Amino acid sequence: MRRLGKVLAAAALAVSAATAPAMAAEELRIGVEGAYPPFSWKEADGSLKGFDIDIAHALCEKLGRTCVLVEQDWDGMIPALLARKYDAIVASMSITEERKKRVDFSAKYYNTPAMFVVAEGSGLDVSPAGLAGKAVGVQRGTTHQCFMEKIYPDAELRLYATQEEVFLDLAAGRLDAQFSDSLQADEGFLKTDAGNGYGFVGGPQHDLECHGEGAGIAVRKGEDELLAALNAAISAIREDGTYKTINDGYFDFDVYGD
Amino acid sequence: MDETRGPSLLDAIRDFSENASPLDFVLIAQHWEMFLTGIGYTVLLVAVSLVIGGAISLPLAVARAYRIRYVNQAIWAYVYLFRGTPLLVQLYIIYYGLGQFEPVRESFLWPVLREPLWCTLIAFVLNTAAYTTEIFRGAIEAVPHGEVEAARAYGMSSWHRTTRIVLPNALRRALPAYSNEIIFMLHGSVVASTVTIVDILGAGRILNSKYYLAYEGFLAAAVLYMLLVYLVTRGFRLWEWRWHAHLRPREA
């Protein structure tokens, strides 16, 4: 009987072109990170907070489905999606060609530029020649790693599991520079006590091949209905002001980009 | 000429590896240099820490076995501290913990503690020295008392008794247990990859994260670790065969 129920539910899902009520049947599991403030972080009580988390909840509401947030370390994010530990990733994941080989992406839900952060007064020149031989920290498996390897092959690249560890080592003085999302660096480091005496340098850096066109929601290939529903939900929260409310809770400008 | 012949065998293998095979072995093979670097770092870290840790542990073990007052208790506390806590925690305290303190960062130690490789070596040396001290201590205490007495009867000084009778005997006995410590150290060395060192596991993690794979990197790393363990056990078998020659059944 149970199996029949499942078949019926799947059939209903297929027939109704991704309308919200029909999908309410099964819970949606969403992979999130939790070590990337202000997009996601973990409170002392273990609960998850942040822009990504709020967006995930808002999208679920629009989809009319119950959501379960599943925490996952960054470098296992896509493998865990493919292993069906969850069905979608809402974790500030940039839409890139390399990732598109493994997963499908929704339209972007935000886009912010990447920048270098160095100690103020270090006078470091962040050109490829200036950073040759300098220790630069990035998070492993990010678009920033791709960017550094491509544009800055002579820098001494150090790879970390989480962005928080990159900031720790920058503050400890082990790194000459770090490269990451500018907004995340600003909120997660520069505006905190640890970020005192550090600042952006060199302006926004962008490489389309590495950085892609913004952060999107990843789903397994072939899940076109879920993808269509997510895209519709992103448009819906943009239009009805939910996005703006969430956005304004974290930032003083629209992170959606243009 | 070749271009006109359509897809070559090499292309076919590449295509099979990327699309049909459950394991993208061509991708692993293409990154052999990264894994080679990884082997280099793993072997370097384990070998250097075993040599230094072993050298430190020998006098500590003697002091423990001979129950030298106060020194014995201090060494006991050190051994307990490092055997009682996980290696990962020790490394984190040395690497992330010490770096938090301004005085540490301004001290003469910082040029050393700044480098992930040195931090890892320090943690590994302290860890393996603690374990090895206990192995050697046990072996020293297991030396038959009669041999020591005989040496004394010959008029050997305490130094000569230790270096000529006790230690050669004890180290031989410690060999099997010590080979375990080497393997544990080899396996424990994976924690180096958490502080940006590209050891064998670090190379595997980079491969996984770069191509969003689930297990290619880990599997390659596992095979390499197995290979190293095989070499260690093989080497020790030869060594035991030599050093335990007197225990071998006599050939007719």
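In this predicted model, 24 residues of chain B are in contact (heavy atoms within 4.5 Å) with 22 residues of chain A. Together the two chains bury about 2000 Å², 49% of it on carbon and sulfur atoms; buried area is the accessible area (1.4 Å probe) lost on putting the two parts together, summed over both. Tyr96(B), Arg114(B) and Tyr212(B) supply 34% of what chain B buries against chain A, more than any other three residues.

Between chain B and chain A there are 3 salt bridges, each a side-chain nitrogen of Lys or Arg within 4 Å of a carboxyl oxygen of Asp or Glu. One salt bridge joins the side chains of Arg158(A) and Glu115(B), at 3.7 Å from N to O.

H11(B) gives the most, with 5 residues.

Within chain A, strand E8 (residues 114-119) has 5 of its 6 residues buried, that is, under 20% relative accessible area (1.4 Å probe, protein chains only). E8(A) pairs antiparallel with E11(A) (residues 177-181) over 5 bridges; pairing requires at least two DSSP bridges. Val118(A) has Ala177(A) as its bridge partner in E11(A).

Residues are numbered from 1 along each chain as its sequence is written, and chains are lettered from A in the order written. Local features need pLDDT of at least 70, side-chain atom pairs count only at pLDDT 80 or more, and totals for chains, interfaces and linings use all residues, while side-chain values use heavy atoms, without hydrogens and water.

Key. Buried < 20%, exposed > 50% of the residue type's maximum accessible area, 1.4 Å probe, protein only. Helix = DSSP H or I, 4+ residues; strand = E, 2+ residues; numbered from the N terminus.
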